[in-house]
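Hi everyone, thanks for coming. Please have a look at the structure on the screen, and then I'll walk you through a few parts of it.

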Amino acid sequence: SARIAELAGYDLAVVPGSLASAAVLGVPDLILLTLTEFAEQVRRTGRYSDLALIADADHGYGNALNVQRTVEELETAGVAGLTLEDTVLPAPFDKGAPMVSIAEMNARLRAALAARSDADTVIVARTNALNVSTTEDAVERLTAYAQTGVDAVMIVGAKQITQVEAVGAAVSLPVIMGNVPANETALSDLTRLASHGVRIAYQNQPAFMAALLAQYEVMRHLHEGGNMQ
């Protein structure tokens, strides 16, 4: 996929935990994939691609010390950057997706910054607040995270352009936006997003989903007696 992306003209790609989990274990993104398995998948991807890779490092696989090891492993694997989120993972049973405190997240981010050996490795602070809390909480968290010295911030779960505007107005860092809704015109307007500080906008992995559908259709066609002539 990375080499195909290069052929299509891309300079940068994200290695999401969900696709790494699907490729390595054949399971959904339930935090079953270990750090070493994820780092090895990143290494394999970068070995044959010149794309700058941003790794979805989830919660850093634990506390601040685990985050330091995560940065070390992923830098060794060749990433250009990584995202760290404030969600409690794996999610506790029957408690939704709670978030760690701002103080805990700040400790993890400072640990990540201290652990990187290359100053050009981009550390991104990601919040899940728009999914489980309020816009005000997201702004408070990202404002605090930005003060640790991270290079960018990331939001997921935005449902209205006003939420992006609020983040862009509060934080002067580049913004990464996850899971852009296809049915929300304002949030699909890349020019408008860019005016509010968004520099990368995820598109919900449509290439992967299209590839799965194509495989299923071909296999079903052959199973029903068709051929590929």
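How many residues line the second largest pocket, and which of them lie nearest its centre? Before I answer, please keep in mind that this is a predicted model, where local features need pLDDT of at least 70, side-chain atom pairs count only at pLDDT 80 or more, and totals for chains, interfaces and linings use all residues. Residues are numbered from 1 along each chain as its sequence is written, and side-chain values use heavy atoms, with hydrogens and water left out.

Now the answer: the lining has 13 residues, and Leu12, Ile54, Val122, Ile176 and Ile200 lie nearest the centre. Strand 2 (52-56), strand 4 (122-127) and strand 7 (198-201) each give two or more residues to this lining. By type, the lining has 10 nonpolar, 1 polar and 2 charged residues. Here Ala, Val, Leu, Ile, Met, Phe, Trp, Tyr, Cys and Pro count as nonpolar, Asp, Glu, Lys and Arg as charged, and the others, Gly among them, as polar. The volume of the pocket is about 170 Å³.

What do we mean by a pocket? On a 1 Å grid over the protein atoms alone, a pocket is an open set of points with protein on both sides within 12 Å along at least five of seven lines, a cavity is a set where a 1.4 Å probe fits but cannot get out, and lining residues have an atom within 4 Å of a point. Points are joined across faces, edges and corners, and a volume is the space filled by probe spheres set on them.

The structure holds 1 cavity of 30 Å³ or more. The largest cavity has a volume of about 60 Å³. Its lining includes Gly17, Asp29, Phe38 and Tyr61, and divides into 6 nonpolar, 2 polar and 3 charged residues.

Next, the strands. Helices (H or I, at least four residues) and strands (E, at least two) are DSSP runs, numbered from the N terminus. An open sheet of 7 strands has the order 1-2-3-4-5-6-7, with parallel pairing; two strands pair if DSSP finds at least two bridges between them. At the edges are strand 1 (12-15) and strand 7, each pairing on one side only.

Let's follow some neighbours. Strand 3 (residues 81-85) pairs with strand 4 over 5 bridges, and glycine 81 stands opposite valine 122. Strand 4 then pairs with strand 5 over 4 bridges, with arginine 126 opposite methionine 154 and threonine 127 opposite isoleucine 155. Strand 5 (residues 152-156) is joined to strand 6 (residues 175-178) by 4 bridges. There, methionine 154 stands opposite isoleucine 176, and valine 153 has valine 175 as its bridge partner.

Is strand 5 buried or exposed? 5 of its 5 residues are buried, where buried means under 20% relative accessible area, exposed over 50%, and partly exposed in between (1.4 Å probe, protein chains only). Ala152, Met154 and Val156 point one way, while Val153 and Ile155 point the other. In a regular strand, side chains alternate between the two faces of the sheet.

Lastly, a helix residue. Arginine 108 lies in helix 5 (residues 102-115) and is buried, with a relative accessible area of 8%.
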